[in-house]
Amino acid sequence: MILAGGTGSRLFPLTKITNKHLLPIFDRPMINYAVEALVRVGVTEIMIVTGGTHAGEFLRLLGNGHEFDVSRLMYAYQDRPGGIAEALGLAARFADDDPVIVMLADNVFEYSIAAAVDAFRAEPHGARVLLSEVAESQHLQHLGVAEFDSDGRLARVVEKPQQPPSQYAVTGVYCYDATVFSVIQTLEPSARGELEITDVNNYYAERGELQYNVVDGFWGDAGESIDGYYAVNDFVRRHGANNVAAATPERS
């Protein structure tokens, strides 16, 4: 499942006349990198969740998905900005009681996410998130940050902490078993009126069912800010994205 909604306010005015996930990253629209990342790890059934006035452009761009080696490509419309967890809930019938991998379409990785996906395939129970080491504490204050217990297990995710509990940020890739759709139904909207994916992750963490992998290489959120968008552009132009890398050791 690829989430490509949102208002794109942090990239305004670039998003005044288009969805941010259709903006170019080097030589392709941003969303193409998310599709490529999933196809390269063997995902062939994808649902795109989007919204706003430019939703039809995704159909024009991606069509039935066959050009991108997607055997089944479906679309869902989120009629208001209700949060990542609410958008995920739209895929309940699409998932049909199977595990699901969720990717935010503005997240771009230097290397393949295969290690985490393969680990989840081997043990498709609970949830698994991808973490990226971020050196700057000021940057971590704007992200979801992993907090570990004394045994190195992921105890919870702290959203936008003033004092980050670690240097590991939660990226926009999440793997869930089918119970996630029941979890979403129990959530209460946050102060900003949205169903938060951090609450979903912490549900699993409280039960000792949240695993993780740490990604190798570069991770960028191209929708975070204008500076972040151009930083991702510059990196991909020089180094590419979704490159094959040596397997990352599993961490849990």
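The stops below pass through pockets, a cavity, a strand residue, aromatic pairs, a helix and a loop.

**Before starting**

This is a predicted model, in which local features need pLDDT of at least 70 and side-chain atom pairs count only at pLDDT 80 or more, while totals for chains, interfaces and linings use all residues. Residues are numbered from 1 along each chain as its sequence is written, and side-chain values use heavy atoms, with hydrogens and water left out.

**Stop 1: the largest pocket**

Select R10, K20, I84, L104 and R192. Of the 41 residues that line the largest pocket, these are the closest to its centre. The volume of this pocket is about 1,000 Å³. On a 1 Å grid over the protein atoms alone, a pocket is an open set of points with protein on both sides within 12 Å along at least five of seven lines, and a lining residue has an atom within 4 Å of a point. Grid points are joined across faces, edges and corners, and the volume is the space filled by probe spheres set on the points.

Next, colour α3 (84-89), β10 (154-159), β11 (168-176), α8 (197-206) and β13 (219-221), each of which supplies at least two residues of this lining. Helices (H or I, at least four residues) and strands (E, at least two) are DSSP runs, numbered from the N terminus. Strand β11 provides the largest share of the lining of the largest pocket, 4 residues. By class, that lining comprises 14 nonpolar, 17 polar and 10 charged residues. Here Ala, Val, Leu, Ile, Met, Phe, Trp, Tyr, Cys and Pro count as nonpolar, Asp, Glu, Lys and Arg as charged, and the others, Gly among them, as polar.

**Stop 2: the second largest pocket**

Move to the second largest pocket, with a volume of about 420 Å³. Select V43, E45, P99, V100 and I101, the closest to its centre of the 17 residues that line it. Helix α4 (92-95), strand β6 (100-104) and helix α5 (114-122) each give at least two residues to the lining of this pocket. Which of the elements gives the most to the lining of the second largest pocket? It is α5, with 3 residues. The lining divides into 11 nonpolar, 2 polar and 4 charged residues.

**Stop 3: the cavity**

Select V35, I46, I48, L62, G65, F68, V70 and L73, which line the largest cavity. A cavity is a set of grid points where a 1.4 Å probe fits but cannot get out. The structure holds 1 cavity of 30 Å³ or more, and the volume of the largest cavity is about 30 Å³. Its lining has 7 nonpolar residues, 1 polar residue and no charged residues.

**Stop 4: helix α1**

Select residues 30-39. Because 10 of the 10 residues of helix α1 are buried, the helix is largely enclosed by the rest of the structure. Buried means under 20% relative accessible area, exposed over 50%, and partly exposed in between (1.4 Å probe, protein chains only). Among the buried residues of α1 are M30, Y33, V35 and E36.

**Stop 5: N107**

Select N107 in strand β7 (residues 107-109). Is N107 buried or exposed? With a relative accessibility of 3%, N107 counts as buried. A polar atom of the N107 side chain lies 2.7 Å from the backbone nitrogen of G172. Beyond neighbours within four places in sequence, N107 is in contact (heavy atoms within 4.5 Å) with T171, G172, W219, G220 and D221.

**Stop 6: the aromatic pairs**

The structure holds 7 aromatic pairs. Rings of Phe, Tyr and Trp (its six-membered ring) pair if their centres lie within 6.5 Å; planes under 30 degrees apart count as stacked, over 60 as edge-to-face and the rest as tilted.

Select Y176 and Y204. Their ring centres are 5.8 Å apart and their planes stand at 25 degrees, so the pair is stacked. Y176 lies in strand β11 and Y204 in helix α8, so the pair ties together parts that are 28 residues apart in sequence. Both Y176 and Y204 are buried. Then select Y229 and Y230, an edge-to-face pair with 5.0 Å from centre to centre and 70 degrees between the planes. Y229 is buried, at 5% relative accessible area, whereas Y230 is partly exposed, at 42%.

**Stop 7: R207**

End at R207, in the loop between α8 and β12 (210-214). R207 is partly exposed, with a relative accessible area of 43%. The side chain of R207 reaches the backbone oxygen of Y203 at 2.9 Å. Select G126 as well: the C-alpha atoms of R207 and G126 are separated by 8.9 Å, and the two residues are 81 residues apart along the chain.

Terms used. Polar contact = N/O pair within 3.5 Å; in protein donor to acceptor, adjacent residues only side chain to side chain.
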